[in-house]
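Hi,

Here is the structure I said I'd pass on. Have a look at it first, and my notes follow below.

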Amino acid sequence: MDAAALHEQLIRLSNHYGSQVEHARAGGGNASVKHDGVLHIKPSGTTLAALRDEDLVPLRIDVLLEALASDAPVEGDPVMAAASAARIGEPGGRRPSVEILFHALMPEALVLHLHPLVANAVTCNRHGRRLAEKLFADDVVWVDYIDPGVPLARGIAAARREHEERTGRPAPAITLLGNHGIIVAGDSYDEVAERIDHLTRTISDAIEAAPTSRSAPAALTVDVEAVANALREATGAEAVASASDDFVRSNAVLGAGPVCHGPLIPDQIVYAGSLPAHLPDDASGVAATVERFRSEHGRAPVTCVVPGQAVFAVGASQKAARNALDTFLDALRVARDADRLGEVRVMDERERHFIENWEAEAYRQSVAAES
Ligand SMILES: [Zn+2]
């Protein structure tokens, strides 16, 4: 296949999967195409859904692989140092994604990285490795959660090597990343799409077949509008989004992973905050709860939960509030399905502090806020 056809297929894949919230939310996920020794990758701050060929940032693959193998100290963020060393042409305004390095590892021409809700029921699971083995045998590579950037890319490289030594075959084109998402590679649109669809279908069938102990949702007793107004006032936010449907009343309960124990994936921290504030079921207590959260965390909450009743998210715009809310609802769904397959694993405190303090994520957040 020639370069133009490869680019066209990558953009089509990105737009197709990127526009389904099941597979990628907001600026999440990533995509690349490689040919003639050059990796062309989605920049930070654009979405897969809207990705165009002219957005792609060209980087030399040999320079990226060298940076990955080298222990030489670099100035600033090592991923960005590698990116600027590998960069072809003028930097312009675009900054390549923080997830560039692992794309260079895959021999296939097209690479799509997603945070899919179905697959994350396996990746955000204490028994993820075992589940992956049971469902896919040696057809996927499993990688435990690792901090993004250079450590993650090195962990993926090591897992691929281990897989090749153990099986005597080239590493498979599907990688499952613990508490993060999937990487699927292929040499054509159809190859990548078939792999994603097979992965999704297999896990979805396993979730459907797993026993469930769903109890009926509690009746809605909270005045959602009054709480939303109190929250807007207490946080000073421009916009508040809320949900209180059957799904929320069944799953946004005390004991649920995202409600009480922590975020499932890094993007949840970026868009919805690490942990929600627990609001009382009466609007008059909202201001004091927000104040307490502020003094404990140094900032107002992004998401708030009235357990068993409603979820709220605040934002600088209706779009930002809605995106934070949807990201949190995604986490509730992933946690529910992970519990059906085994037991949800949330990011631990060290893992989440790394993301909270990560300069590159802060950059992405600021870009996402502008868009
Ligand atoms: Zn990712």
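A quick definition before the rest: two strands count as paired if DSSP finds at least two bridges between them. Helices (H or I, at least four residues) and strands (E, at least two) are DSSP runs, numbered from the N terminus.

This is a predicted model, so to speak of local features I need pLDDT of at least 70, side-chain atom pairs count only at pLDDT 80 or more, and totals for chains, interfaces and linings use all residues. Residues are numbered from 1 along each chain as its sequence is written, and side-chain values use heavy atoms, with hydrogens and water left out.

Now the sheet. It is open and mixed, with seven strands in the order β3-β2-β1-β4-β7-β6-β5. β3 (57–60) and β5 (140–143) sit at the edges with a single partner strand each, so one side of each has no neighbour in the sheet. β5 runs parallel to β6 (residues 174–177), joined by four bridges; Val143 has Leu177 in β6 as its bridge partner.

Also in β6 is Thr175, which is buried (under 20% relative accessible area; exposed is over 50%, partly exposed in between; 1.4 Å probe, protein chains only), at 0%. Leaving aside neighbours within four places in sequence, Thr175 is in contact (heavy atoms within 4.5 Å) with Met106, Val141, Val143, Gly181, Ile182 and Ile183.

Last, helix α8 (residues 189–209): its buried residues include Val192, Ile196, Leu199 and Ile203. Residues three or four places apart point the same way because an α-helix has 3.6 residues a turn.

Cheers
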